[in-house]
Amino acid sequence: MQRLDQLPGLLLIGKPSRWLVMFLLVIALKIVSTDAQTLKKRLFKVYWLTWIATGVYFHLLPFGEVTFFDVGQGDSILIREPFNRSVTMVDTGGKLRFGSRQKQTSTIAKNSSINYLQSMGISKIDTLCLTHQDVDHIGEAKAVLQNLKVQQLLFPAGVEKTDNFRYQILPYLHQTRIVEVLKGAQVTRLPLQILYPERPGKGANEDSLVLEGKFGGKRILLSGDLDISGEQKLLQNPELVGKVDIFKLGHHGSKTANSPELLSAISPKLAVVSAGRNNRYGHPNAEVIERLQRLRIPVVSTQDYGMISYRYFFNDMGRWEVGIDKKGSIVQ
């Protein structure tokens, strides 16, 4: 193992189950302890074939997923198609710090999205989408770009002119392709439709990137921090006519978004809130929660469940998983 560790590069296999780790440990101990050369050769074959099979499994995961990471007061969403046909991350999370001069030794992304992706044997993101320039959405882009290979970076036209983009993202782009988009743009290896914005902006909430797609038989709508005026424009979009299965509440459940008109039009079967515990903004807003209750729309939050993930297969059968190593149904 020490000799392998000295080799250049990093071989990312994934996180095997505890039972598989125990099995490999027993095999390794048996290899070390036995003097029978024939048995040792057989055990070596079993040992390495098991590792190879594990690596192949993680690199060709047969299920897809839509995962809402628990990044505190921020957004970060993973959309991965079966067999890793495409890996898309929407926003990275991030934390605004006031008056702190201490060097940051760990990041939110390293403890959540990056850690999770590497545990799944994934070292490459096909598309990193940034909905707008707020730190709680793009603040961890540096960590993602430094720890994972990102093929292309996608954002609404106008974000490239902001200081946050110039200082927090641009210096860390090396071989990553930059893609500026507006409504209706077609992007290679992006399994999502772009519904908004219609014109270049300043990277503010009202210019948020709105994405829609269907995964595992469920239609999903992600609206970033789009405000109510933007939602009214969105409702004029003929592509949005119809129902939505999963809606990530706009602006972390703020009352500046999530209008009754939008919620009634899309009638989601589940609303997901991505917000920090005991956050200073009071997200999700009580009025929005009451609005959802009146419309009989169930709501779940990363505040209560931690990471929320929907895993699905090609037959459109899926299941919800919440927290870490916890399985449960959060939708009736």
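Visitor: Where is Glu-81 placed in this model?
Guide: Glu-81 sits in the loop between strand S2 (77-80) and strand S3 (87-90), where strands (E, at least two residues) and helices (H or I, at least four) are DSSP runs numbered from the N terminus. This is a predicted model, in which local features need pLDDT of at least 70 and side-chain atom pairs count only at pLDDT 80 or more, while totals for chains, interfaces and linings use all residues. Residues are numbered from 1 along each chain as its sequence is written, and side-chain values use heavy atoms, leaving out hydrogens and water.

Visitor: Is Glu-81 buried or exposed?
Guide: Glu-81 is buried, because its relative accessible area is 17%, and buried means under 20%, exposed over 50% and partly exposed in between (1.4 Å probe, protein chains only).

Visitor: And which residues does Glu-81 touch?
Guide: Leaving aside residues up to four places away in sequence, Glu-81 touches Phe-63, Gly-64, Ser-86, Pro-191, Phe-215 and Tyr-312, with contact meaning heavy atoms within 4.5 Å.

Visitor: Changing topic, how many aromatic pairs are there?
Guide: The structure holds 7 aromatic pairs, counted when ring centres of Phe, Tyr or Trp (its six-membered ring) lie within 6.5 Å, with planes under 30 degrees apart called stacked, over 60 edge-to-face and the rest tilted. In one of them, Phe-69 and Tyr-116 have ring centres 5.7 Å apart and planes at 70°, so this pair is edge-to-face.

Visitor: What does that pair tie together?
Guide: Phe-69 lies in the loop between strand S1 (64-68) and S2, and Tyr-116 in helix H4, so the pair ties together parts 47 residues apart in sequence. Both Phe-69 and Tyr-116 are buried.
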